[in-house]
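Please keep the sequence and the model in view while reading.

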Amino acid sequence: MSAATTRSRTPDRLCAEALDLARAAAEEAAALGVVGEHEGLVSEGDRVVTHYFACKEMGYRGWRWAVTVARASRAKVVTVDEAVLLPGPDALLAPEWVPWSERLRPGDMGPGDLLPTDAEDLRLEPGWSGEDEPPPNSAVSHEMADLVEAEDAEVTAGPPAELSMVPARGTISAVAEELGLRRTRVLSRYGLHVAADRWEDGFGPKTAMAQAAPAACVSCGFLARIGGSLGQAFGVCANEFSPADGHVVSLAYGCGGHSEAAVMPKPPRVAPPVIDETRVDPFPLRPDSDSGSVSVAEDEAADLGHS
């Protein structure tokens with residue numbers, strides 16, 4: 001270990017004693033009353049020491065004013081190198097910056113907001129627009145297509161200039177338009193899986209509501225089927241009293257609003273009392289004289305005053 005390295009670990013005496021100089025530099029950089037008590041010093045090297053002062057500025061909890069002082073070799077005058085505000089080990093820091101595309105959460109968009117889709121979005125893949133014209137040997141000829149266009153113009157309200165732009169009849173684009181395929185991009189397999197996982201987290205078979213449901217949505221009359229491959233596992237709930245009304249639900253989801261839910265059983269009725277009217281049970285007003293352990297004479301019974 002070199003002598004220079006050994007000296008750098010021990011703070012220079014004159015630099016360490018320049019506490020007033022360091023505080024004055026910190027107050028000049030900050031403001032009067034903002035610089036707090038001295039929180040220690042660190043040797044930065046030969047004849048270079050950094051003094052730390054607490055920061056009382058609002059919103060900078062745990063930050064410290066760091067003032068570095070130094071002196072030249074064989075000199076007795078200490079000078080200020082820099083004064084800066086630095087975060088301490090327990091400082092309140094701003095969160096790490098995250099791109100907006102990663103900060104965005106469902107429900108953040110409002111009216112008028114635009115969300116541009118990345119060209120390399122893994123949830124999408126190129127679709128089929130069907131802009132190709134029919135081959136020359138197609139069954140739909142150009143003459144037949146023109147005839148169809150003319151017939152449509154006669155039954156359509158308004159001049160053609162005011163009508164919406166639609167693909168020409170007889171083209172593959174027209175067929176793709178009717179089938180819903182004429183889109184630039186469509187959901188990729190990854191996009192389908194991401195959507196399915198997200199929907200199952202909200203309204204899937206593992207939720208507490210589905211675990212307590214009397215039956216699954218696949219047998220519910222309020223389930224509206226959806227098309228496409230996702231229709232094999234999902235549908236839309238149309239029960240206004242269900243917590244999933246208007247939401248895409250898994251076919252294995254369920255709630256208490258199932259259309260075939262069992263009716264709550266009525267409380268059992270107590271059976272009416274049975275009265276035997278075919279015989280009479282005698283209830284004597286006076287007990288028999290010989291019913292007890294001690295016999296009672298008739299005259300003694302009369303003295304008791306019973307009627």
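1. The protein has nine helices and nine strands. The model is a predicted one, and the remarks below should be read with that in mind.

2. On burial and surface, 22% of the 307 residues of the protein count as buried. The protein exposes about 23400 Å², and carbon and sulfur atoms supply 56% of this area.

3. On contacts, those between residues at least 6 apart in sequence were examined, and 52% of them join residues at least 24 apart.

4. Where is empty space left inside a protein? Rolling a probe the size of a water molecule over the atoms shows this. In this model, the count comes to one cavity of 30 Å³ or more. The largest cavity has a volume of about 70 Å³.

5. Which residues lie nearest the centre of the largest cavity? They are Cys217, Cys220, Cys237, Ser242 and Cys255, from a lining of 13 residues. The lining of the largest cavity divides into eight nonpolar residues, five polar and no charged.

6. A disulfide is a covalent bond between the sulfur atoms of two cysteines. How many disulfides does the count give? The count comes to zero disulfides. Cys220 is in no disulfide, and the nearest cysteine sulfur, that of Cys217, is 6.0 Å away. A pair of cysteine sulfur atoms must lie within 2.5 Å to count as a disulfide.

7. Are Cys220 and Cys55 buried or exposed? Cys220 has a relative accessible area of 14%, so Cys220 is buried. Cys55 is buried as well, with a relative accessible area of 13%. The cut-off for buried is under 20% relative accessible area.

Notes. Residues numbered from 1 in each chain as written. Predicted model: local features only at pLDDT ≥ 70, side-chain atom pairs only at ≥ 80, totals over all residues. Heavy atoms only, no water. 1 Å grid on protein atoms, 1.4 Å probe; cavity = no way out; pocket = protein on both sides within 12 Å on 5 of 7 lines; lining within 4 Å. Points joined across faces, edges and corners; volume = space filled by probe spheres on them. Nonpolar A, V, L, I, M, F, W, Y, C, P; charged D, E, K, R; others polar. Helix = DSSP H or I, 4+ residues; strand = E, 2+ residues; numbered from the N terminus. Buried < 20%, exposed > 50% of the residue type's maximum accessible area, 1.4 Å probe, protein only. Contact = heavy atoms within 4.5 Å. Areas by Shrake-Rupley, 256 points an atom, 1.4 Å probe, with all protein chains shown as cover.
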